[in-house]
Amino acid sequence: MKTLFVVILVFMISSVYPAPLYARSKPAWVKASKIAKKCLRQDDYDCAIREYNNAINLIPRREKGYSKIWNYTGLGMAYKAQGRFDIAESNFQKALSLANKHAGDDEVGGILARIAEIYSKWGDSKGVRKYLTLALEKLENSSDKKMLSVLHTNLGMILLKQGDYDKAAPHLSKSVEYAEAGSSLKRLSKAWNTLGKVYLKQKKYIEAEDAFRKGLKINESLGKDSYVANALYDIAKIRVATGDLDGAEKLINSSLQMNEEFGRTKDMADNLHLLGVINYEKNANKLAIDYFKRSIEIKNKLRETAQGTVRRSYLASQINSYNRLLDAYSAEKDPQGFFNVFEMSRARQLAETIGSSSTIAELSLQNFQKSIPVDAAVFMYSVTGKNRLRLLGIDKTHAVVKRLKFNNFTEYVNKKQTITIAASSINTTTERGFKSSSKKKMKKLPPIKNIMEAVSRYRTFLADPIDKYEKDRINISLGLNQLLIDGAETILSGKKRLIIIPDGPLALIPFETLLSANKKCLVEKYEIGYVQSAGVYALLSMRNKQNSDHSIIAFGGAGYSTRAKSGDENSNRGCDSDFLEDRIDKALKDKTSLSFAYSCLGLDSFTDLPGTTSEINEIGTIFKNSKLVSGEAVNEKTVRDLSKSGQFKRSEVIHFAVHGIAIPEYPELSALILSKPARDSSDASKNDDDGFLTAAEIGQLDIGAQFVNLSACETGLGALVKGEGVVGLTHAFLAAGAGGMSVSLWNVSDASAAVFMTEIYRKATGGEGYDMAMSRTKRDFIKGVFGDRFKKPYYWAPFVYYGK
């Protein structure tokens, strides 16, 4: 009985006076949090996510907010490790909100730095810059110098990438300071090297070399041979920029020797390219050619082992070597070498645009000449730098390679420029915080400095329906004609046809508009057509199109207003990032919808084109046999069915009067915009039926048409990449079997487009080829056959012919 009393007494006392803290059992949420941390350390992310969520749900309301901070942070880290960046960022933001109320600057700064990492994964440099800046504001007084060095280096690298060199330099200088204080030699060398790159961009060559040499000294002491080789390479670039070619060659040979010793093939390719540049600058063109070829050979082997974004980056790096090779062959006056390199680079770029099945076989210059008609000349252009232009003029028996003098063009055009634009206002009143005035200063447009600026300005003048820039348009047109055409008069002698193989920005202008000294347009003298490469032209020449039954399949009046939204969770995230590119690559590989990408880029809404219904109805009356597809039937399923049934193969003409988009940053997304199935449609469940007919999908069609007409906005722009020219939709249709096609270079007028298209078909059905029909229709517009209003280039110049 006594024993029972003691037990009851102890129980009563323990219920009134709780056990000391060390004797209590830990709360369930603390246990869950500890398990989550352990799972995270062991890379068991599903377990970590489950236990962190469990901990958050178990934390009682009476607990202070900071109890949840570390659990939300851990949850964000687990989701980040899984690549689920949107959910990771959401959890970090929850942690940040609580930290701002309950934690100190160090904790807040740490969470901001983690959010910056998420934006880095998305490739959103603006977001990275924002959150790193905020993090550094909170952490500037932190005692963790190593961490401060890392953050300043990362922010400096972002600013370097954005071209904001003046702001990048101070951050990298602070990174050096903190790395020295934190006794971190590895971080110190990285800070010096990045600072050197900024100084190099600023053309502060003395400061740049000093920074690189300090990084070099550290890496030599650490035995980091790869970093030493890279530093020698960077210093060699400085010597090239300052004209010390012998010094540069000595440094780069040392770098190459180290990279060869340890088998660092990518760095070897960079070394070889720079040796090519050095020897080209020394006029040792044969040596330069050998170095460039060796660099390309290495990068091509590396490229073949890569996929997606990485594969494209290798090709982009090769293009620079290809362009330098073209410069060297041009300097050697070697048409055969120039032709081979141009075709090699172009064929690889075109093949990757729509898939390996479109690869063009290698072609010799002599064999290509056999396919050229006697009355035709081919002008193959290469844009190898901001103001470096090369031309290979070819006819049946001759080939001449020339360097075009862009400086003469800029001197002529800038001197003749008269147009003025509104500059900053004279401030006289303030309204709603904005200063304004009815009185404005005027200034001349800035002088043209490079090829891209020349093309952009000329396109602006051409695409103006009022033609208020007429005088300057005429001057720049005369200048471009002197630059691009007059340089090869001997090849053009006695010719009636001119075939243009454009490159880079030159693919964005209609050569038909160029004016000779007598103010006549080039199209008034020559039948003009375009083609992506000599290999494509030779391939088309071998096709014997028999479809001349005057039949057409025409698409118009697509239902855009009913297009369903994609609802992608990343609709406003990282649209310029490697992350988005990886998703695009995966979707293309799995043949799933790309609608998430279009939504992300804000390209999921389009206005109806009511005029296109009447356009196809009018065109239908010209042909003996016509199949007109309109409204919701203008969709991917209809296109696929017409291809599978053989109707695309048998039809003479396929006509698309729809929206079109060209996305230079993501060439895979260039597409014709068709009707998209409603959400409740049975077609909506098809993974690849998203209403965007992409180049890859077009390349899989079975087409036998003589002529494909893309009566759409900007369908000809394709992907503008160095060495590539106009690709995308144009090349895809030709690879799918089309004999030739029409595309547009800017937004077209509904009224003039309808007149232009119907006139082409009237001429072609009367016996003319479609290429000639286009040139002659343009001449009729210039003559005023369809009214004085339509004489302006805006109405007839955007349509260009690609093909045989």
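Reader: Which residues does Leu484 touch, not counting residues up to four places away in sequence?

Author: This is a predicted model, in which local features need pLDDT of at least 70, side-chain atom pairs count only at pLDDT 80 or more, and totals for chains, interfaces and linings use all residues. Residues are numbered from 1 along each chain as its sequence is written, and side-chain values use heavy atoms, with hydrogens and water left out. A contact means heavy atoms within 4.5 Å. With residues up to four places away set aside, Leu484 touches Phe379, Tyr381, Leu389, Leu391, Leu404, Leu506, Ile509, Phe511 and Leu514.

Reader: Which residues have the most contacts inside the largest nonpolar core?

Author: In soluble globular proteins, nonpolar side chains tend to be buried together. A nonpolar core is a set of buried Ala, Val, Leu, Ile, Met, Phe, Trp, Tyr and Cys residues joined through side-chain atoms within 4.5 Å. Buried means under 20% relative accessible area, exposed over 50%, and partly exposed in between (1.4 Å probe, protein chains only). The largest core has 237 residues, and those with the most contacts inside it are Phe379 and Leu484.

Reader: What percentage of the residues of the protein count as buried?

Author: Helices (H or I, at least four residues) and strands (E, at least two) are DSSP runs, numbered from the N terminus. The protein holds 33 helices and 18 strands. Among its 804 residues, the share that counts as buried is 54%.

Reader: Is Ser33 buried or exposed?

Author: Ser33 belongs to helix α2, which covers residues 28–41. Beyond its neighbours within four places in sequence, Ser33 is in contact with Tyr52, Ala55 and Asn71. Because its relative accessible area is 8%, Ser33 is buried.

Reader: Which residue does the disulfide join to Cys39?

Author: A disulfide is a pair of cysteine sulfur atoms within 2.5 Å, and the structure holds one. Both of its cysteines, Cys39 and Cys47, are buried. With an S to S distance of 2.0 Å, the residue joined to Cys39 is Cys47.

Reader: What is the phi of Asp467, a residue other than glycine?

Author: Most residues other than glycine have a negative phi. Asp467 lies in the loop between α20 (451–462) and α21 (470–484), and this residue counts as buried because its relative accessibility is 10%. The phi of Asp467 is positive, near 65°.

Reader: Where is Asp43, which has a positive phi although it is not a glycine?

Author: Asp43 has a phi of about 65°. Its place is in the loop between α2 and α3 (45–58).

Reader: Which residue in β18 is the bridge partner of Gly740?

Author: Strand β17 (residues 740–744) is joined to β18 by five bridges, and the two run antiparallel. Five of the five residues of β18 (residues 799–803) are buried, so this strand is largely enclosed by the rest of the structure. Phe799, Tyr801 and Gly803 point one way from β18, and Val800 and Tyr802 point the other way. The bridge partner of Gly740 is Gly803.

Reader: What distance separates the backbone oxygen of Ser551 from a polar atom of the side chain of Ser651?

Author: Ser651 is found in the loop between α28 (647–650) and β12 (653–657). With a relative accessible area of 4%, Ser651 is buried. The distance from the backbone oxygen of Ser551 to a polar atom of the Ser651 side chain is 3.5 Å.

Reader: What distance separates the C-alpha atoms of Gln700 and Ala735?

Author: Gln700 is in the loop between α29 (695–699) and β16 (707–710). Gln700 counts as exposed because its relative accessibility is 61%. Gln700 and Ala735 are 35 residues apart along the chain, and their C-alpha atoms are separated by 8.8 Å.

Key. Polar contact = N/O pair within 3.5 Å; in protein donor to acceptor, adjacent residues only side chain to side chain. Pairing = 2+ DSSP bridges.
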